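Hello,

Here is the structure I promised. My notes follow it.

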Amino acid sequence: MKKLLSLMLAISIMVSSTLEISAENMVVEPAVPNTVSVKLSFAGDTTLGSDLSRGYCNSFIDVYQKQESSYDYFFKNVKSIFDNDDLTIVNFEGTLTNSNARADKTYAFKGLPEFSNILKSGGIEVANLANNHTKDYGTQGYADTVKNLNKAGVASFGIDKPYITEIKGIKVGLLGYTAWSAEAYMKNKVTHDIADLREQGADIVVTSFHGGVEHDYYPNDVQKKLYRHAVDAGADVVIGHHPHVLQGIEEYNGKYIVYSLGNFSFGGNRNPSDKDTMIFQQTFEFDKDTKEKVDVVSTVIPCSVTSSKSGNNFQPTPLEGQAADRIINKLEGYSKPMNKNSAFIAKMDAGFKTSTFVVADSTSVVFEGNAVSFDTPILNKDNVSYVAIKPLAEQMNGSVDWNPETNSITASIQDKGATIKVGESGTFIYEGRTYMPVKQAAELFGYYTVWNDQEQRVYIY
């Protein structure tokens, strides 16, 4: 059954794993789910080096040497995220070579061969090499880069070189392209390559495209036509880069297209005017026996390309609170033109970002003396119950209308009502529904609530 995917920053839903029967003094374990999950993380333009013609001061290698040549420095703030996934993929934009055969171009990026260890140290396993800087130092520079990545244990793909690996019995295939054209020959190539990976047994196919216009916040026609074609041809997720800024995310035919991840650890710019970036994660859950996908969950982790308040120290850092909300709001704005009927990027208050919610039973709310059953879960935390606003309003014979242009909902009950902006007043989105503390939701419409600690229920009067 097709499920509407929600992009969420991080909600951990914990349920009891045992049922204790005191009379028998025994524990009954539930059946072990016959599923396996694979989590992929994607990050944007990563250049471990710089254009040497632009000077040394505050360049990537300058920062590296100031940090006592530490491989750990650059990704230390995101390493825990990457260490807790199954595969991390970046767009590696540049070369790792000793070659001096610089291409005749405005920007040519080069780093030391040993910089491949920076990726490995940061928990990054795979690098896309299909971009406009891979051959900044010619074919020798490209060959050296592949060799040095391999030496560090980092795989690569792109430029007619697919990559396939097996994780927990699930085969993941990666394809990388430079995407300057959406003509038939390019579409045919993508179709053929995806089919070839499927023939090799790939259960997940990722297509990575390097295209679009630099510093443009919206995808152009080539991006939209080609990236959507990849989904039509069977890709499970489409990842884009090259604009050096974030672009929107489109839900297309049940799959996600991330048009541009922006910069990440980008040595090509010592002080970018736009320092916003993100880590995009997709978790695929499969039936172990049939290899059929049973669920897909997507996550956006807002980040800055730097941990410094002045300039770029090339150390991407996750954001929280208002800073994280600002990037989520930004992504929502960029995504609206492609998702006019769905606000699918879930917003959460910074206070909820790492909270643990317990899924309550369906009678945790009692309205005017009657236990209420909803078709959406009730979430409890610290004796506070959170309920989807629409089902609660309907229980009160009210209604809720969603306005995608303002990212707000208007709830009306009889002669009372209010407009609530999602992400404010304790609201957040979970599984496609807007949630709010029951107490606040009830008070909006003239009701009051009482928490019964013994029964672990909220009473609404």
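In α5, the buried residues are Met 186, Val 190, Asp 193, Ile 194 and Leu 197. They fall within an arc of 95° seen down the helix axis, so they line one face of α5. The arc is taken over the directions from the helix axis to the C-beta atoms. Buried means under 20% relative accessible area, exposed over 50%, partly exposed in between (1.4 Å probe, protein chains only).

This is a predicted model, where local features need pLDDT of at least 70, side-chain atom pairs count only at pLDDT 80 or more, and totals for chains, interfaces and linings use all residues. Residues are numbered from 1 along each chain as its sequence is written, and side-chain values use heavy atoms, without hydrogens and water.

Back to α5. Its other side has Ala 184, Tyr 185, Asn 188, His 192 and Glu 199 exposed. The cover over its buried residues includes β10 (163–167), β11 (170–179), β12 (204–211) and α6 (221–232). Just after α5, Gly 201 has a positive phi of about 95°.

Now α6. Its buried residues are Gln 223, Leu 226, Tyr 227, His 229, Ala 230 and Val 231. Their cover includes α5, β11, β12, β13 (237–241), β14 (249–252) and β15 (255–258). At the N-terminal end, Asn 220 caps α6, with a side-chain oxygen 3.2 Å from the backbone nitrogen of Val 222. Gly 234 follows α6 with a positive phi, near 120°.

Helices (H or I, at least four residues) and strands (E, at least two) are DSSP runs, numbered from the N terminus.

Best wishes

Definitions and conventions:
Contact = heavy atoms within 4.5 Å. Polar contact = N/O pair within 3.5 Å; in protein donor to acceptor, adjacent residues only side chain to side chain.
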